[in-house]
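Here's a quick briefing to read alongside the model. Have the sequence and the 3D view open as you go.

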Amino acid sequence: MTVRDEARRYPQHGETVAADGTGRRRFLGYVLAAPTLTVAAQLGEAVLAPAPAAAANPALVPSLPGPSEIYDLNDMLMHAALPTAGLITIRVEADGTASFALPRAEVGQGITTSTAMLIAEELDLPLERVRVTLADARPELLFNQMTGASNTTISTFTPVRVAAAVARGRLLRAAALELGELLGSLTAKAGAVVSTVTGRSIGYGELAAKAAADTDTPVGVALKKPSEFKVIGTSRRRIDALAAVTGRKTFTMDVQVPDALPTMVCRPPTINGTVRSVDNLGEVRAMPGITDVVPVSTGVAVRGRTFGQCIDAVRALRVSWGPGTADGDSDATVRRKLRAAELPLVVPPLPLLTKAVDVRFTFGFSSNSALETNCAIADVRPDSAEIWASLKTPIVAQEQIALELGLPPSAVKVHVTEGGGSFGRKLFFDAAREAAETSKAMGKPVKLMWHRTDDFRQGRTHPMSTSRVRATYTLGEVLTYELRHTSVATDFGHGLGEIITGAAAQLPVGDLTFSETIFQLTQQSPYHFGVTTQLLGETDKGFNTGSMRGIYSPNVRCAQELVVDELARRTGKDAYEFRRRHLKDERARAVLAKVAEVGGWGRSLPSGVAQGIALHPEYHAFVAVLAEIDCRPGTTGRKIHDAYTGPRVTKVVCAVDVGLAVNPRGLEAQMAGGIVDGIALALTSGLHLSDGHFLEGSWDNYFYTRQWNTPPELEIVVMPPTSDRPGGAGELAVPAAMAAVACAYGRATGTMPTSFPVNHAEPPAFEPLPTTPPIPASPVDGLDRAF
């Protein structure tokens, strides 16, 4: 992977950042009553005002801004977090380190590192002396403990810096008293206070207790200007990298809880089926190592000395199952439901005056594909409970689990562990809820883990959807753009709905449903395409669904960029120049121009090899992707099953502008991961639904992008800062990459793809695993395929 020189300019923020930005404002913080220095932030509404977008030269038929261009989902989450920002504290320890319990979930995105960088910057402390852990569920934080929508760095950027700046100022004052010198003669450097007059110094550790307060004390502080940054904006290795590669990082299944034994669940053959009866409970309870077998709401739970023994027991169970919530459904039946639920288009083409591009795209069910399967540890007692899991919504998990156990929320302690991937999956707490129910039924602690087949067949999926698009044009100008996105209902019962309810009166979307509100707060068109409308319709709530890196954006963006390519072709324009002319924002033009330049847009390529280019705006950030694909039979593709030799994405160039990148190296990693996800969604990653269950049961028949389909040439350009604040990054690259690959595929084959993933064979070209029981027959094969 190559990183362009643009990223290396980040320490020189003063060149591009507005002089009246956040760095010049004063903020109010607090020194809290504590035996060692403990600080927090208090913020005002001015912090949240997003910088206005720089307007590009409008096209002939400009479009009005959509709701998400005025106020997006990230703005809403920031507002929701603001009232409790002052409850997030930093503590300076006696050993001179700073400790911070981050009220978010680290699932591989690198937020513990970027947060440590914020603290190190304002506290003038070496990065390696900042300790960032994950906070337990804290109900008093309300909406300030939800990880999602690329919001963590945006919403914590100012509060964390304010708290660190308060700590730094307090340490300087304590040092002035201790050294008997004027405050103005002291500076903070590398975790110590140094006198510029005498050269004497004193470490933070020696000052931690002296700088503490007996009562909560308000303190006004000014944050560093971007031109003064020495840590923020520089590329840093992840602070947890060594622990991760040496196996010392603690994930949920690594947590040692006394007497919490391995536990698995025998699940129904169809989605959300129920247990009618178990024919051989006694026989299975007598199997070697098995301690407990109990029916639960999701199946039959088995607890044993080892996971291998649990697998044997699950395979041995003979269960009579009741119907599920999607019995009889298949891909074809769901497609018919979606077609029937489509909202109507309004603008017809006018004969002799206008022409139209009118097309419908279909996107299959897909898996979140987190490397770590769903898992949790629970120890439920008669009057209390304790949970360990990787949770993005721990407060809601605590509330719901307490309700189901019949306990007050204060009696349920929820610990947030680090997770091995999420992609939206860990917004839900299905495993934690199931572990709690199982522990209560057994009266013993459990270490519950789903096997891989559970994740594919009963876990959360990104819903099947369609996008109907009609764009009318005349004389090279687009007059109208209509999109009607219809989706199997997306479940937002993980806490985001509560935030929408709390903010409903202030949202610029009117009286809409949760899903339509989120759709309007996330979907925007970056182009001047005249009268533009994008609406969501939903159907069928019988599936376990959830968000997946961008919620609706990958599918909606893919549909629009393919239509843009078709509009360019029909009007005789180059696809890049057509986009550039119609873009609304200069930042969007800049990233698009950069990938065209670096990727050599328009260079001569063999027949069957082509380029695609796409752009995506999201959460005050912009990304453009140029992809090259080789669709020639038998050249670079690899046989992935008996019926198909797939194309290969051979080159990707990505240019990204997130305003201010706290850690450019982390941003590069986010872009690389999102690009791989986008390739998968465009080409290979889809689930087959048949008679109420998904046929995929493991990685050998769910074709997520493998190493052979990862581009051998990958270049990421981090653009110079365009703001004094960070924008969203976690989901940003997925839609642009999916769209660029789809556009490249269409140009290489000469036919616009309309069904995704494009290599989704029906019927599937693999032998599905059995559904009863849904674990491979051989214990050795089961461990290999299930885990």
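**Salt bridges, burial and cavities**

E561 is buried, with a relative accessible area of 0%; buried here means under 20%, exposed over 50%, and partly exposed in between, using a 1.4 Å probe and protein chains only. This is a predicted model, where local features need pLDDT of at least 70 and side-chain atom pairs count only at pLDDT 80 or more, while totals for chains, interfaces and linings use all residues. Residues are numbered from 1 along each chain as its sequence is written, and side-chain values use heavy atoms, leaving out hydrogens and water.

**Salt bridges**

- E561 pairs with R579 in a salt bridge, with the closest N and O atoms 2.7 Å apart; the term covers a side-chain nitrogen of Lys or Arg within 4 Å of a carboxyl oxygen of Asp or Glu.
- That pair links distant parts of the chain, with R579 in helix α16 (residues 575-582) and E561 in helix α15 (residues 553-570), 18 residues apart. Helices are DSSP runs of H or I with at least four residues, strands are E runs of at least two, and both are numbered from the N terminus.
- R579 is also buried, at 0% relative accessibility.
- Helix α15 holds both R569 and E566, three residues apart, or about one turn of the helix. Their side chains meet in a salt bridge at 2.6 Å, N to O.
- In that pair, R569 is exposed at 58%, whereas E566 is buried at 13%.
- R381 and D379 form a salt bridge too, the closest N and O atoms being 2.7 Å apart. R381 is partly exposed at 47%, and D379 is buried at 8%.
- E106, R238, D240, K249 and E418 are tied together in a network of salt bridges. The structure holds 43 salt bridges.

**The chain overall**

- The protein chain has 20 helices and 34 strands.
- Of its 787 residues, 63% count as buried.
- Take contacts (heavy atoms within 4.5 Å) between residues at least 6 apart in sequence: 80% of them join residues at least 24 apart.

**Lining of the largest cavity**

- A cavity is a set of points on a 1 Å grid over the protein atoms alone where a 1.4 Å probe fits but cannot get out, and lining residues have an atom within 4 Å of a point.
- The largest cavity is lined by 14 residues, and S367, N368, M548, D677 and Y704 lie nearest its centre.
- Helix α18 (residues 664-683) gives the most to that lining, with three residues.

Note on methods: 1 Å grid on protein atoms, 1.4 Å probe; cavity = no way out; pocket = protein on both sides within 12 Å on 5 of 7 lines; lining within 4 Å.
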